[in-house]
Amino acid sequence: MDSDDLKRLLIEHTDAWNSHDIDRLMSLFADDCVFEASGGPESFGRRYEGRARVRAAFVDVFDSMPDANWGDGRHFVLSDGYGVSEWRLTGTLLDGSRVDVLGCDFLTVRDNRIVRRTPSESTEPLVAE
């Protein structure tokens with residue numbers, strides 16, 4: 001995958017999240033994908049392995065924050081098969097509380113599919129309501 005194709009994939013990844021279309025989003029991931037969420041019991045957060053578990057985790061995100069938006073995207077190719085996307089997540093949780101955090105995804109790609117997502121997110125909300 002050349003740099004231009006990888007950058008397009010990074011942009012499509014963010015666009016797919018914003019579409020809230022689970023099939024579109026999952027079409028970007030390999031069968032043996034790993035998704036590490038920043039929140040969870042381990043130092044790395046919580047790890048989801050394989051398409052079924054990753055898909056379920058994504059559905060949970062969409063269900064828990066129906067108006068989620070990953071805006072202000074910036075995308076960078078770091079090396080062959082490795083890039084980063086920065087974003088600002090805004091949305092409303094089901095209990096009415098607002099989310100407004102900065103974060104980024106470190107994405108490893110193989111054969112034009114995402115095989116691993118490792119996060120980096122702010123631990124403090126930008127806006128607390």
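**Chatting through the fold**

Visitor: Is Asp-72 buried or exposed?
Guide: Asp-72 is exposed, at a relative accessible area of 59%. Exposed here means over 50%, buried means under 20%, and partly exposed is in between, using a 1.4 Å probe and protein chains only.

Visitor: And where is Asp-72 placed?
Guide: Asp-72 sits in strand β3, residues 69–79. Strands (E, at least two residues) and helices (H or I, at least four) are DSSP runs, numbered from the N terminus.

Visitor: What about the phi of Asp-72?
Guide: That phi is positive, about 55°, although Asp-72 is not a glycine. Asn-112 isn't a glycine either, and has a positive phi of about 65°. Asn-112 belongs to the loop between β5 and β6 (113–121), and is partly exposed with a relative accessible area of 41%.

Visitor: Before we go on, what sort of model is this?
Guide: It is a predicted model: local features need pLDDT of at least 70 and side-chain atom pairs count only at pLDDT 80 or more, while totals for chains, interfaces and linings use all residues. Residues are numbered from 1 along each chain as its sequence is written, and side-chain values use heavy atoms, with hydrogens and water left out.

Visitor: What pLDDT does the protein average?
Guide: The average is 90, and 90% of the residues score at least 70. pLDDT is the predictor's confidence in each residue, from 0 to 100. Helix α2 (residues 22–26) has the highest mean, 98, and strand β1 (residues 29–42) the lowest, 86.

Visitor: Where does pLDDT stay under 50?
Guide: Over residues 122–129, for which the model has twelve contacts beyond four places in sequence. A contact means heavy atoms within 4.5 Å.

Visitor: OK, big picture: how many helices and strands?
Guide: Three helices and six strands. Along the sequence they run α-α-β-β-α-β-β-β-β. Of the 129 residues, 36% are buried. Among contacts between residues at least 6 apart in sequence, 48% join residues at least 24 apart.

Visitor: Let's look at α1. How many residues does α1 have?
Guide: It has 17 residues, and its first and last C-alpha are 24 Å apart, close to the 24 Å expected at 1.5 Å a residue. That expected span is 1.5 Å times one less than the number of residues.

Visitor: Which residues of α1 are buried?
Guide: Leu-6, Leu-9, Leu-10, His-13, Thr-14, Ala-16 and Trp-17. Viewed down the axis of α1, these buried residues fall within an arc of 160°, so they line one face of the helix. The arc is taken from the directions from the helix axis to the C-beta atoms. Turned away from that buried side, α1 carries the exposed residues Asp-4 and Arg-8.

Visitor: How many residues are in the largest nonpolar core?
Guide: There are 26, and those with the most contacts inside it are Trp-17, Leu-25, Phe-29, Phe-58, Trp-70, Leu-89 and Ile-114. At least two core residues come from each of α1, α2, β1, α3 (51–64), β4 (82–92) and β5 (98–110). The most come from α1, which gives five. A nonpolar core is a set of buried Ala, Val, Leu, Ile, Met, Phe, Trp, Tyr and Cys residues joined through side-chain atoms within 4.5 Å.

Visitor: How many aromatic pairs turn up?
Guide: A search of the whole structure gives six. In Trp-17 and Phe-58, the ring centres are 4.6 Å apart and the planes are at 65°, so this pair is edge-to-face. Trp-17 is in helix α1 and Phe-58 in helix α3, so the pair ties together parts 41 residues apart in sequence. Both are buried, Trp-17 at 6% relative accessibility and Phe-58 at 0%.

Visitor: What makes two rings a pair?
Guide: Rings of Phe, Tyr and Trp (its six-membered ring) pair if their centres lie within 6.5 Å; planes under 30 degrees apart are stacked, over 60 edge-to-face, and the rest tilted.

Visitor: Which residues do ring pairs link into a cluster?
Guide: Trp-17, Phe-29, Phe-35, Phe-58, Phe-62 and Trp-70. Of these, Phe-35 is buried, at a relative accessible area of 7%.
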